[in-house]
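Subject: Structure for you to look at

Hello,

Please find the structure we spoke of below. My notes come after it.

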Amino acid sequence: MRQLPELSLAEKLVHTGFIFLVGLGLLVAEAYVYVTVGGNNGLTVHAVAEHYYGNRSSSTLQTVLPRMMGYAGMSAADKPKMVAAVNHWIASGETEADYNQTIKPLIAGNCLKCHSVAMTKVLHNPPLVTYGDVKTVAKVDTGMSLSTMLLNGMIHLTMLGVIFWVAGWIFSKSRFPNSIKYPLIIIPFIAMLVDFSGWFLTHQNPAFVWLVLIGGALSCPIALLEMLLSLIQMWFVKPRLQAA
């Protein structure tokens, strides 16, 4: 098998295109997780645990409301008013009369740009159009739902499995010894399975959040390392002379 430095220019170009585009995509995915899961406080252990286990001391609406108001661009003066109105409505029994009088105008003016029926199909956010919609998210926050975890799992396992396979196949042509190549090739696959199983276990007990953190730290980052090392060997290591 020819190694990376001995590949033709066409082969190097197609591998390099893959590495740059997919590598950038993985970095964007990491940034997306940092922003959506971590929020303003960063990607902390508590934030990751709450993402899957939930904040069972309050409702889903109360938990995500600060982040939603930030996305909606609400002024600093209006944010406390909305939080107080939502808290009062939930504490008062979530009646439809109070919803129509107080909550509905606030949601219509600030939330429907992302939580209308049309936008929920694009962003996969819960709709907040009717009283029933809002009452649903006013329930206690138990974290990511089982159906969402299964959907995300199908997407992550399938797409990342293909990416890890191609990245590993390219890296297998490097000149590194097998003692380095074999672990770097297999670790992303194992780590993704650990991460995936950690979602469901953390949903039951937040103590399992370390599985998610360890799996996440060893899956995409190791694949990115494989791609970086492959790129260096393709372009910066001299090819060996072919035997006559």
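This is a predicted model: local features need pLDDT of at least 70, side-chain atom pairs count only at pLDDT 80 or more; totals for chains, interfaces and linings use all residues.

Residues are numbered from 1 along each chain as its sequence is written, and side-chain values use heavy atoms, with hydrogens and water left out.

Helix H1

Helix H1 covers residues 9-38. Helices here are DSSP runs (H or I, at least four residues), numbered from the N terminus. The 30 residues of H1 should span 44 Å at 1.5 Å a residue, and the end C-alpha atoms are 42 Å apart, so the two values agree. The expected span is 1.5 Å times one less than the number of residues in the helix. After H1 comes Gly-39, with a positive phi near 70 degrees.

The buried residues of H1 are Lys-12, His-15, Thr-16, Ile-19, Val-22, Gly-23, Leu-26, Val-37 and Gly-38. Buried means under 20% relative accessible area, exposed means over 50%, and partly exposed lies in between (1.4 Å probe, protein chains only). An α-helix has 3.6 residues a turn, so residues three or four places apart point the same way. The buried residues of H1 pack against helix H2 (45-53), helix H9 (146-171) and H12.

Phe-20 is also in H1, but counts as exposed because its relative accessibility is 53%.

Ser-230

Ser-230 belongs to helix H12 (residues 220-236). With 1% relative accessibility, Ser-230 is buried. Its side chain reaches the backbone oxygen of Glu-226 at 2.8 Å. That is a polar contact (a pair of N or O atoms within 3.5 Å; within protein, one must be able to donate a hydrogen and the other to accept it, and residues adjacent in sequence count only if both atoms are side-chain atoms). Beyond its neighbours within four places in sequence, Ser-230 is in contact with Leu-4, Ile-19, Ile-170 and Phe-171. Contact means heavy atoms within 4.5 Å.

The cavity

How many cavities of 30 Å³ or more does the structure hold? There is 1. A cavity is a set of points, on a 1 Å grid over the protein atoms alone, where a 1.4 Å probe fits but cannot get out, and lining residues have an atom within 4 Å of a point. Grid points are joined across faces, edges and corners, and the volume is the space filled by probe spheres set on the points. The largest cavity holds about 30 Å³ of space. Its lining consists of Leu-61, Leu-65, Met-68, Met-82, Val-86, Ile-103, Ile-107, Cys-111 and Leu-128. Helix H3 (60-72), helix H4 (79-91) and helix H5 (96-110) each give two or more residues to this lining, and H3 gives the most, with 3 residues. The lining has 9 nonpolar residues, no polar and no charged. Here Ala, Val, Leu, Ile, Met, Phe, Trp, Tyr, Cys and Pro count as nonpolar, Asp, Glu, Lys and Arg as charged, and the others, Gly among them, as polar.

Loops

Glu-94 lies in the loop between H4 and H5. Although not a glycine, Glu-94 has a positive phi of about 55 degrees. Its relative accessible area is 14%, so Glu-94 is buried.

His-124 sits in the loop between helix H7 (117-123) and helix H8 (131-137). His-124 is not a glycine either, and its phi is positive at about 60 degrees. At 65% relative accessibility, His-124 is exposed.

Asn-205 is in the loop between helix H10 (178-204) and helix H11 (209-218), and is partly exposed at 35% relative accessible area. Asn-205 and Tyr-53 are 152 residues apart in sequence, with 6.9 Å between their C-alpha atoms.

Phe-196

Phe-196 is in helix H10 and is buried at 19% relative accessibility. Not counting residues up to four places away in sequence, Phe-196 touches Met-149, Gly-153 and Leu-157. The C-alpha atoms of Phe-196 and Tyr-52 are 11 Å apart, at a separation of 144 residues along the chain.

Regards

Definitions and conventions:
On a 1 Å grid over the protein atoms alone, a cavity is a set of points where a 1.4 Å probe fits but cannot get out, and a pocket is an open set with protein on both sides within 12 Å along at least five of seven lines; lining residues have an atom within 4 Å of a point.
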